[in-house]
Amino acid sequence: MTATAVRQPTRTAVSRASGDTLAGTGTLIRFILRRDRIKLSAWLLGITALMLYFTTIVSEVYQTQEQLQDMGRFMGGSFGALFGGPGYGRDDITLERAIVGVYAQWFFVLAGLMNMLLVSRHTRVDEQNGRTELIRANVVGRHAQLTAVLVVAVGANVVLALLLTGAMTANGLGAGGALLFAAGIGAVGLIFAGITALTVQVTEYSRAATGLTGAAIGVAWAVRALGDMMGDHGSALSWFSPLAWSQQTRPYVDARWWPLLLSIGLAVAAAAAGYALSTRRDVGAGLVAARIGAPEAAPWLRSPLAVAFRLQRSSLLWWTGALAGAGFLWGAVADAMADPTDMDEERIEMFGGSLDTLVDGYLGVITLFMAVLAGTMVILGVQAARGEETKGRAEPVLATATGRWAWFGSYLAVVTVGLVGLLLLVGLTTGIGAAISTGDAAYVGKMVAAHVAHAPGLLVLLGVAALLFGVLPRAIGVTWVILAYGMFSGMFGAIVDLPQWAHNLSPLEHAGKPPLDGIAWPAMGILLVIAAGLAAAGLAAFRRRDLETK
């Protein structure tokens with residue numbers, strides 16, 4: 001009989017292993033900064049460039065006190081409250097107060113998205129791809145990875161606040177108010193970094209985790225919008241939205257720093273909950289267990305088209321439901337939004353330039369805005385195919401009898417049908433809301449036609465994304481620039497006197513602004529031909545290039 005001696009760990013080793021949960025945090029911080037040196041820099045510089053653009057364009061457009069007073073009246077209306085905020089300082093309007101009062105929400109949402117993607121990418125995405133398990137195999141504490149990405153998030157938001165402060169002061173805005181406004185934007189970013197640290201513990205899928213945080217951003221925006229529309233300078237309901245806390249600092253009015261303590265408190269509380277929940281699950285798992293699937297695939301999943309639909313189904317349903325609900329709400333306030341009382345010249349110009357057609361002009365702007373959001377879904381649909389490729393899941397499928405045309409073409413077909421269905425339903429709900437608001441049932445048919453009229457332009461965008469996927473897949477992000485330009489051209493081009501040739505560069509321009517404008521059906525046919533040609537070129541190029549994996 002032989003005895004096997006097992007060497008027991010010393011008390012010091014056990015204590016170190018169980019107690020040093022932050023071991024390796026510094027190394028992971030450097031690793032995250034190395035991996036995100038391009039993406040994070042692009043976010044920071046892009047948001048800063050947007051601030052430079054807004055401060056420059058506003059200073060050029062609103063050069064007289066009368067024009068600024070028109071902006072102040074816009075801030076005091078329901079439309080201004082919906083998209084801007086409570087409008088502090090509008091009674092004694094200045095350039096600084098106009099910028100802060102109208103454009104703050106854009107920067108709050110962008111900061112939230114930047115932090116959401118940053119935290120998710122270095123926590124849940126790493127767990128999905130197996131990197132976390134490799135990292136944990138080294139001398140790395142249990143909380144090191146989450147701590148590292150939160151430290152990077154804090155640093156990124158501080159840098160963002162400093163960059164935005166510099167951008168505003170460079171255009172002649174007061175430094176004190178600029179710092180307070182920028183700090184509010186950074187505080188919003190910290191809130192959603194903390195919330196994402198919580199949501200990544202709940203589910204084992206990064207898409208679901210970011211979906212939960214994205215829903216939190218949407219709810220915060222909706223609560224803030226409703227609260228601000230309910231009363232002068234907002235209402236008590238506004239305080240239930242973390243976006244309102246940064247606005248309550250009132251930059252350039254009566255600067256108050258204390259509301260940011262609420263933001264920091266929520267960020268810390270959410271992050272602390274994330275730490276606590278992370279100890280209650282295994283690496284790679286979520287607190288909510290994934291549903292066990294069937295042992296065999298359903299018969300209807302035997303084609304690449306069915307598989308593409310199955311992978312995109314949840315996204316299509318979420319986008320369609322969210323935009324349909326938003327469309328009904330915006331349609332239901334059409335009559336109030338188009339009230340000509342105290343309406344400034346810039347808003348009249350945005351709504352078509354005539355007092356007689358303000359309702360149609362407002363609905364045309366809303367239709368374009370919905371088309372831009374639908375374009376976001378289109379780009380994400382192509383990026384989903386790109387994700388299947390880079391994560392190595394496309395290669396086993398293409399190793400079977402499934403051809404590349406069938407595989408990628410199925411994604412394009414699903415996005416196309418989903419886009420048309422989304423536009424039909426959103427047009428229907430917006431039309432119903434507008435009909436209730438105005439008492440004119442004809443708006444139901446008008447709004448359905450108006451939304452569908454944007455389908456050809458969005459399909460051109462899909463074709464561009466498909467072509468880039470086939471030729472240079474890493475450059476698919478260029479389509480975001482095209483979409484953003486289309487929104488700027490359609491909503492603000494008339495205000496800044498953008499020349500017609502510049503308008504025509506956007507694929508969304510050729511639909512006009514229905515129901516204000518008539519639909520140019522020949523142009524729609526030309527756009528469909530262009531979209532088909534781009535998609536075919538992308539499919540052909542995809543057949544010739546090598547697959548890429550990360």
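Predicted model: local features only at pLDDT ≥ 70, side-chain atom pairs only at ≥ 80, totals over all residues.
## Phe469 and its partners

Phe469 is buried, at a relative accessible area of 0%. Phe469 sits in a stacked aromatic pair with Phe408.

Phe408 belongs to helix 19 (residues 404-438), and Phe469 to helix 21 (residues 455-471). The residues are 61 apart in sequence, so the pair ties together separate parts of the chain. Phe469 also has a charged neighbour: Arg545 lies over its face, 4.9 Å from the ring centre.

## Other aromatic contacts

Trp330 is in helix 14 (residues 304-332), while Phe369 is in helix 17 (residues 358-390). The pair therefore ties together parts 39 residues apart in sequence. Both residues fall under the 20% cut-off for burial. Trp330 has 8% relative accessible area, and Phe369 has 17%.

Ring pairs also build a cluster. Its members are Tyr53, Phe54, Tyr103, Trp106 and Phe107. A further ring carries a charge above it: the charged end of Lys446 sits over Tyr443, 4.9 Å from the ring centre.

## Thr367 in helix 17

Helix 17 also holds Thr367. Is Thr367 buried or exposed? Thr367 is buried, with a relative accessible area of 0%.

What does Thr367 touch, leaving aside neighbours within four places in sequence? The contacts are Met447, Ala450, His451, His454 and Pro514.

## Salt bridges

Side chains of opposite charge can pair when their charged atoms come close. A search of the whole structure gives eleven salt bridges. One of them runs from Glu127 to Arg281, where the closest N and O atoms are 2.8 Å apart. This pair links distant parts of the chain, 154 residues apart. Glu127 is in helix 7 (residues 124-128), and Arg281 is in the loop between helix 13 and helix 14. Both ends are buried: Glu127 has a relative accessible area of 14%, and Arg281 has 11%.

Asp126 bridges to Arg131, with the closest N and O atoms 2.9 Å apart. Asp126 counts as buried, at 2% relative accessibility. Arg131 counts as partly exposed, at 30%. A network of salt bridges links Arg35, Asp126 and Arg131. Another bridge joins Arg97 and Asp92, and here the closest N and O atoms are 3.9 Å apart. The cut-off is 4 Å, so the pair qualifies. Arg97 counts as buried, at 15% relative accessibility.

## A nonpolar patch on the surface

Which residues form a nonpolar patch on the surface? They are Trp239, Trp258, Leu261, Leu262, Ile264 and Val268. Together they have about 580 Å² of accessible area.

Val268 is placed in helix 13 (residues 259-278). Its relative accessibility is 52%, so Val268 counts as exposed. The threshold for that label is over 50%.

## The chain as a whole

The secondary structure comprises 24 helices and zero strands. The protein chain has 550 residues, and 49% of them are buried. It exposes about 25,100 Å², with carbon and sulfur atoms supplying 65% of that area.

Contacts across the sequence are well represented in the numbers. Among contacts with a separation of 6 or more, 76% are between residues 24 or more positions apart.

Definitions and conventions. Residues numbered from 1 in each chain as written. Heavy atoms only, no water. Patch = residues over 30% accessible without salt bridge, like charges linked within 9 Å, V, L, I, M, F, W, Y side chains within 5 Å. Areas by Shrake-Rupley, 256 points an atom, 1.4 Å probe, with all protein chains shown as cover. Salt bridge = Lys/Arg side-chain N within 4 Å of Asp/Glu carboxyl O. Helix = DSSP H or I, 4+ residues; strand = E, 2+ residues; numbered from the N terminus. Buried < 20%, exposed > 50% of the residue type's maximum accessible area, 1.4 Å probe, protein only. Contact = heavy atoms within 4.5 Å. Phe/Tyr/Trp six-rings, centres within 6.5 Å; stacked < 30°, edge-to-face > 60°. Lys NZ or Arg CZ within 6 Å of the ring centre and 35° of its normal.
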